[in-house]
Amino acid sequence: MEERNRTLSARSAVLSALLGSHPPRLPARDLVRIGALFGIAEGTVRVALSRMVAAGDLVQSGGMYALSQRLVERQARQDESRDPHVKPWDGTWEVVVVTAERRAPADRAAFRHTMTALRLAELREGTWMRPANLVRVWPEIVTAQCTLIDGRPHDDPTPLLWDLNGWAAEAVRLERALDRVLETGLGGARETGGLAEGFLVSAAVLRHLLADPLLPGELLPDGWPGARLRERYDDFDRRYREVLQEHLRS
């Protein structure tokens, strides 16, 4: 579905705005104006802000709203997906095997979320793996429940772990969407339709980059669009935010 046909809830609009802001802190009036881009009434935005503060998603002080620490960590993962920390690959794979015997459903869900954020894929239940080309520290939620192994598979397991063709096809579609917004939708602060579409496209690109497995070049198909999408998005983000700030100031 094209981004222009999607709608946002007040909560999603607020989160997307703050996750894309550095620092992740905005006045209520700006969040209200961003909500208005999608036809969200001021009262609806303010109710959402109150509920998000009560839920621990936001911290409010003096008319300003900021992401909670948990969501600041999510923003850090989002930023890292735009400028990933990788290292040369020597052919080694990380294999993580769950060895904990009993885990509550909530603990299992938290573990799966962590493994996905670490960009590992599950070969079979309880066995996760990826090439050892990322620079990171294993969190305690992993080391406390798993045995970590470095190895070299006899056959390349990449096709079993990731749908690279699917990711690449969506990346190409998002590149075209970015180009379309830049070419037709950002004529100035009054182009609120273009601002709304750009906001949605931006959020879609960031979600997609979070799903990039960040594989070494040796394992990627020819013409892999990952680096190109990042470069295109960096240019788009700079230009879009200039126009958005003009709109918020007007």
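Buried means under 20% relative accessible area, exposed means over 50%, and partly exposed lies in between, using a 1.4 Å probe on protein chains only. This is a predicted model, in which local features need pLDDT of at least 70, side-chain atom pairs count only at pLDDT 80 or more, and totals for chains, interfaces and linings use all residues. Residues are numbered from 1 along each chain as its sequence is written, and side-chain values use heavy atoms, leaving out hydrogens and water. This briefing covers a helix pair and some salt bridges.

**How α8 and α10 pack**

- Two packed helices are described by the angle between their axes and the distance between the axes.
- Helix α8 spans residues 164–184 and helix α10 spans residues 226–249. Helices here are DSSP runs (H or I, at least four residues), numbered from the N terminus.
- Their axes lie 10 Å apart, at an angle of about 25°. Each axis is a line fitted to C-alpha atoms over the stretch in contact, and angles run from 0 to 180 degrees between N-to-C directions.
- α8 and α10 are therefore roughly parallel to each other; that label applies to angles under 35 degrees.
- The contact (heavy atoms within 4.5 Å) includes W167, L178 and D179 of α8, and L229, R232 and F236 of α10.
- By class, this contact of α8 with α10 has 10 nonpolar, 1 polar and 6 charged residues. Asp, Glu, Lys and Arg count as charged; Ala, Val, Leu, Ile, Met, Phe, Trp, Tyr, Cys and Pro count as nonpolar; the others, Gly among them, count as polar.

- A salt bridge is a side-chain nitrogen of Lys or Arg within 4 Å of a carboxyl oxygen of Asp or Glu. The count by this rule is 19.
- R232 and D179 form one, at 2.8 Å from N to O.
- R232 sits in helix α10 and D179 in helix α8, 53 residues apart.
- R232 is partly exposed, at 25% relative accessibility. D179 is partly exposed, at 25% relative accessibility.

**Salt bridges in a network**

- R82 pairs with D234, their closest N and O atoms being 2.8 Å apart.
- R82 lies in helix α4 (residues 69–82) and D234 in helix α10, so the pair ties together parts 152 residues apart in sequence.
- R82 is partly exposed at 21%, and D234 is partly exposed at 37%.
- R241 and D237 form a salt bridge at 3.0 Å, N to O. They are 4 residues apart in helix α10, about one helical turn.
- R241 is partly exposed at 25%, whereas D237 is buried at 11%.
- Salt bridges with shared partners join R82, D234, D237 and R241 into one network.

Key. Helix = DSSP H or I, 4+ residues; strand = E, 2+ residues; numbered from the N terminus. Parallel < 35°, antiparallel > 145°, perpendicular 65-115°, else oblique.
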